[in-house]
Amino acid sequence: MLSRVAENVYWMARYLERAENTARLINAISHVLLDLPRGASFGWDVLTRVAGLDQLFDEAYPSHDEANVMRFLVSDLRNPSSVLSCMQFARENCRRLRDVLPREAWEQVNTMYLALQRSSARITRRADRRRVLEELIRGRHSVAGLLSECMSHDVAYQFIRLGEYIERSDMTTRIVDIHAAVLVPRQQIPEDPAIALLWVGVLKSLSAYQMYRRHGFPQVKSAGVVNYLVKDAHFPRSVRFCLDEIESHLSELPHNTSSLRALRTTDRRIDGMKLENLSPVLRHEYLDAIQADLGHIHDEIARQYFHFHEQQAGGELPGALQAVAG
Amino acid sequence: MGRPDFQIDGDDVLDHIFSNHALCYRVPDGRATMKLELQKYPMGNAFDELVGPGRVPRPAAQALLRYLEDLDESELQTRRAAVDAAIVTMGITFTIYSDGENIDRAWPFDLIPRVMPRTEWQRIERGLKQRLTALNLFINDLYNEQRIVRDAVFPAEVLAGSRNFRKQCVGFVPRFGVWAHICGTDLVRDRDGTVYVLEDNLRVPSGVSYMLENRLLMKSAFPELFEACRIHPVDGYTAQLYEMLAALSPRSGERPVIAVLTPGVYNSAYFEHSYLAQQMGADLVEGVDLVVGADDCVYMKTIDGLRRVDVIYRRIDDDFLDPETFRPDSALGVCGLMRSWRKGKVGIANAPGAGVADDKVVYAFVPKIIRYYLDEDPIIPNVPSYLCMNDSEREFVLSNLDTLVVKPANESGGYGMMIGPHASPAERAQCAERVRADPRNYMAQPTLTLSTAPTLVGDGLAPRHLDLRPFVLQSSGIYVTTGGLTRVALREGSLVVNSSQGGGSKDTWIVEATD
């Protein structure tokens, strides 16, 4: 598989996953907004910071309010991580990859993009927004299904899955962190039922509520939720699950030593984390550390598979020695 | 300035051969529904492909027209809407560059197919094979012995003035002696029904993917028609293309590694490049993905190191192919590609230098070329052509500028063309000056009246002009597509079939019919 194509496939998957998870993040916020405890307020500025987009936002908008932040996250093309931007990038990448991906996958991505583009003006109304984003998430699942069921699980497929799981685990940590954006009055204790409801919103946005109730802690409270979304081995959006998947897909690729090493560093760090009874500040620090580790895994993959030949250029050409037959 | 899809491959606008008589058929007021009634079809004075004199359907089109007449209007509009939606979903697009941005436009497609009886097609098919066989013998001769020049059948000064002759190719014989592996031949039909070759596209002809997609669209829109009519399938093309390319592989016994070399996603024909790679299971590569090793073999840069490439189907022009040999500033090509090709380490289709026969002056010699190499009469005639390099013909051209079309030999996309009947006296005078200054570079042809076919316009059918581009493949064997890509001038009064300028396309049916 061509290095350039591997990179395109990988990024296409990341953009699709980012679009879905940004949609989930937004739905999580909408839940949270509806359930805000008396006296609490929502920190829109904290939200853009958690998403890692505060600088960009400040350049584009004069003030943090719901309409601005939502437009910025959903349909603003100045924000390269907005849902619409992600879909545009994913579609562009997909267009370059028509020879690699099953035809139906391209058609589905193309349709999703066109539908989102048509409806992106309506997203300032909460009810419409919800419908539009849920439709996008459903569309994303049908792409995932098409790729999983109609595409050879070849090298290109491994890169798709790598992109997906790296992006997904990163986004899960960010969605967990939106809790930090809820500003509660000092007298309220963390296990207040009203605050617990906020965690229900986070779980639901990741389609994790039902599974948490079956497999997680008996009550919905912060320690249990964070622990579940980071460490659960069976829920497909937890960081732990994603890392296991990354490992298994990396194992299918040649020359994977350095990427696997970066992965295991992350594994060990997460195993060592005590996630119960965390202060919000420490929780944020832990989540940040996981994001940095994921960035490191990405760098190793990019270095080994995408930019390998650039590093070779200028030096001696490997010539026929490294040529692969067949 | 828009840049259209089809001009990229060095081709043609057809506006020079049109006469303006397309009438738009409008629905009479006060009718809630209407049907496509043949008796109201506004015949022009061109040859119509589907409707004969007296509005009698031609035998091959009888079943189709009867079916359309029986279809009620809402049904037709429903199917048209379904097809339009499918085009958007399937992402069948062509790209126009405008103000530095590239815009994807949906592929304009007309629902009414163009129909041709198989008996007629078989003759055309033979003619196309004959023509490409002769052209390949000609190209190979030019780069080697030049017998045809020594025998004074082809003038040395025409060869000397050829812009597409590549001296880097002299003395080389590619496998099978074939240079132009893929040829898109433009055919037109004049008022009297005669089919002519308008030009041979031997560099990087495009459009075949649209031919294949058009058929898919038609099958989904009118499945019942495919049961009723005996329409010959077109889907064999990509398998034939694969076989043709595989035969060029320098290594035997293995599954050859075939790459489609594209200039990239911003090229207007990118859709087609990726489509063909996908259909053949080949790798779609850009220049940066390839490298020529110290062993002169071509490699592609994979995640697992370098992998040898056996055959390159290139979709970039000669000039950009290899900065070591041609334009040094090319960022699209591969350094050392020509070296590798000349050493027989890689097959390239079309071969570099094949464009020497894609020249409007060389075109005029094709009937002689066919007789010289094959000792046969041409099966499909050329449009009569006057070469300005010959004194008597030049004088004829200069005194008939108001009725002729004057074309420069090497320009593509219709640049520098003078359409006599449409030109102002000043334009004609300028043209005469250019012809006198550089006679080798000009030729002229009479203005033809392109044939028409019924086309959906508003609520009814109106005749619109069209041409036909079949694709011919040659390496170890020779193959012609069943039919080809029919391009149609969709806009009323517009006479240009280019997709960017209101041109569209139709499905092309070759059917069993008794004439």
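These notebook entries concern a sheet and the helices around it in chain B of a predicted model.

**Entry 1, the sheet.** I looked up the strand order and found an open sheet of four strands in chain B, arranged β7-β6-β11-β12 with parallel pairing. I noted that β7 (283–285) and β12 (347–349) of chain B stand at the edges, and because each has a single partner strand, one side of each is left without a neighbour in the sheet.

**Entry 2, one strand pair.** I then followed strand β11 (residues 311–314) of chain B, which runs parallel to β12(B) and is joined to β12(B) by three bridges. Within this pair I located Y313(B), which has A349(B) of β12(B) opposite.

Which strands does helix α8 of chain B lie across? I traced α8 (residues 237–246) across β6 (258–261), β11 and β12 of chain B, and its direction makes an angle of about 130° with β11(B).

I turned to helix α3 (residues 118–142) and helix α12 (residues 360–374), both of chain B, whose axes come within 9 Å and cross at roughly 80°. Since angles of 65 to 115 degrees count as roughly perpendicular, I recorded α3(B) as roughly perpendicular to α12(B). On the α3(B) side I listed Q130(B), R131(B), T133(B), A134(B), L135(B), L137(B) and F138(B), which meet V366(B), I369(B), I370(B), Y373(B) and L374(B) of α12(B).

How values were computed
Residues numbered from 1 in each chain as written. Chains lettered and ligands numbered in written order. Predicted model: local features only at pLDDT ≥ 70, side-chain atom pairs only at ≥ 80, totals over all residues. Pairing = 2+ DSSP bridges. Contact = placed C-beta atoms within 7 Å. Axes fitted to C-alpha atoms, helices over the stretch in contact; angles between N-to-C directions. Parallel < 35°, antiparallel > 145°, perpendicular 65-115°, else oblique.
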